[in-house]
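Please keep the viewer open as you read.

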Amino acid sequence: MKYRFIVLMFLTPMLILAVLPFLLWQLKDVEHKSIQVIDKTVPKNDYREHLGLFWLLDHRKAVKADGEYYRKETDYYGYDPESQSGETGLEIEKEVDLIYVADTYGIYTEDLRDKPTGERSKLIYGGLTIFDWNKIIEAKDEDVTLILEFNSIASPTDHTTRSIVEKEMGFQWSGWIGRHFKDLSSDEIPPWLIRNYESQYRDDWRFEGEGLTFVHESDRVVVLNEEDIRGRVLFKWLDPGVQHYPKATNSRYHYWFDIIEPDEDTLIEAEYEIDMVKSGRTKLEENGIPTHFPAVIRLPDERKYYFAGDFADIPVDYNSRWTLPDVFYGIYSFFHPDEEFFWKSYIPMMDQILEETNSSTDGSL
């Protein structure tokens, strides 16, 4: 009997600590937010192109006007993997607080295969249309926050729409996109990228180990292998970002990004920095690619942001209904190193933006 009492005394605090985060979430007040998400790249029902955003909305207990929680399966405009059809005729509520364009790359025939090979194929649905953009701008007044992510204006968006969006958002796309790969010999490398490289350099693809690939819209390819770089791409906050997002920290970024050139009046809050040796710098210089370039830009007086990366894309739908101090995001990133950027940079940044959404301040510096 005494032994059972000791065990119970030991286990009770442990059980309370285990349950407490989930209980605290249940006790939190809900946040009423009117959010319009646009995602035309949803080939499968994992909804990963906007999964990170919806994780955060649920984590914050954000609800719609009717009091219902946001659902990643239904609360976006774009392609529905269940019916295999794409929406047309975008409509945005008059009282919207945030418009978030997560991805408009679209759906291709290859995407609908059970095991896609990564080959290029025929476009079924996608691209940001001038109709979409006109509807967005029509709804965008001084109190509405607008966020665009990569890929919102690259292929297959037409050049006319792209140039209009660039002018409105305060930047120009250089035509370059890039990505870090853990292993350049893995099946993750798109077959078209390998073919383009071999055609361009008249040489076989023999790369192994980690590396970076850059692809221009003209199909030009640049590869940095493990002999050219010292590590992954660093997502680094600059002074405006440090002041705007005091809880966010630098992180390693390992997914798709694009290289943009901001206008003179555009505020750069964060940038990508590639740690490389001389051979890597030489390869980039020969192709007009910078070694550091904007990751987050903002037009502070207009509440407009551009995220130059696949920020809301996460591969796993983690449990979101718990409440713990922000320091636990760093602990999560330790156990999920591939999502370090999500936990240490994206969540604190979006927390701040959502806090400012539909409020009297936009964090202007």
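## The main sheet

Keep in mind that this is a predicted model. Its open sheet has 10 strands in the order 5-4-2-6-9-18-17-16-13-14, and the pairing is mixed. Strand 5 (85-86) and strand 14 are the edge strands, each pairing on one side only.

A parallel pair can be found at strand 9 (residues 145-149) and strand 18 (residues 304-307), which are joined by four bridges. Here Leu146 has Lys304 of strand 18 as its bridge partner.

## The antiparallel stretch

Further along the sheet order, strand 16 pairs with strand 17 (residues 292-299) in the antiparallel sense, over six bridges. For Glu271, the bridge partner in strand 17 is Pro294. Strand 16 (residues 267-276) also pairs with strand 13 (residues 229-237), again antiparallel and over six bridges.

Strand 13 in turn runs antiparallel to strand 14 (residues 251-253), with three bridges between them.

Now turn to the second largest pocket, which has a volume of about 360 Å³. Of the 20 residues that line this pocket, Ser34, Ile35, Lys64, Tyr70 and Glu93 are the closest to its centre.

Which element gives the largest share of the lining? That is strand 2 (residues 35-39), with three residues. Sorted by class, the lining holds eight charged, seven nonpolar and five polar residues.

## A nonpolar patch on the surface

On the surface, Val19, Leu20, Leu23, Leu24 and Leu27 form a nonpolar patch. Together these residues have about 440 Å² of accessible area.

Side chains of opposite charge can pair when their charged atoms come close. A search of the whole structure finds 28 salt bridges. One of them joins Lys40 and Asp132, whose closest N and O atoms are 2.7 Å apart.

This pair links distant parts of the chain, as its two residues are 92 residues apart. Lys40 sits in the loop between strand 2 and helix 2 (51-59), while Asp132 belongs to helix 3 (residues 130-139).

## Backbone details in the loops

Where does Tyr47 lie? Tyr47 is in the loop between strand 2 and helix 2. Its phi is near 55°, a positive value in a residue other than glycine.

Another loop, between strand 9 and helix 4 (159-169), contains Asn151. The peptide bond from Phe150 to Asn151 is cis, with omega near -5°. Pro156 is also placed in the loop between strand 9 and helix 4, and the peptide bond from Ser155 to Pro156 is cis as well, with omega near 10°.

Methods. Residues numbered from 1 in each chain as written. Predicted model: local features only at pLDDT ≥ 70, side-chain atom pairs only at ≥ 80, totals over all residues. Heavy atoms only, no water. 1 Å grid on protein atoms, 1.4 Å probe; cavity = no way out; pocket = protein on both sides within 12 Å on 5 of 7 lines; lining within 4 Å. Points joined across faces, edges and corners; volume = space filled by probe spheres on them. Nonpolar A, V, L, I, M, F, W, Y, C, P; charged D, E, K, R; others polar. Patch = residues over 30% accessible without salt bridge, like charges linked within 9 Å, V, L, I, M, F, W, Y side chains within 5 Å. Areas by Shrake-Rupley, 256 points an atom, 1.4 Å probe, with all protein chains shown as cover. Salt bridge = Lys/Arg side-chain N within 4 Å of Asp/Glu carboxyl O. Pairing = 2+ DSSP bridges.
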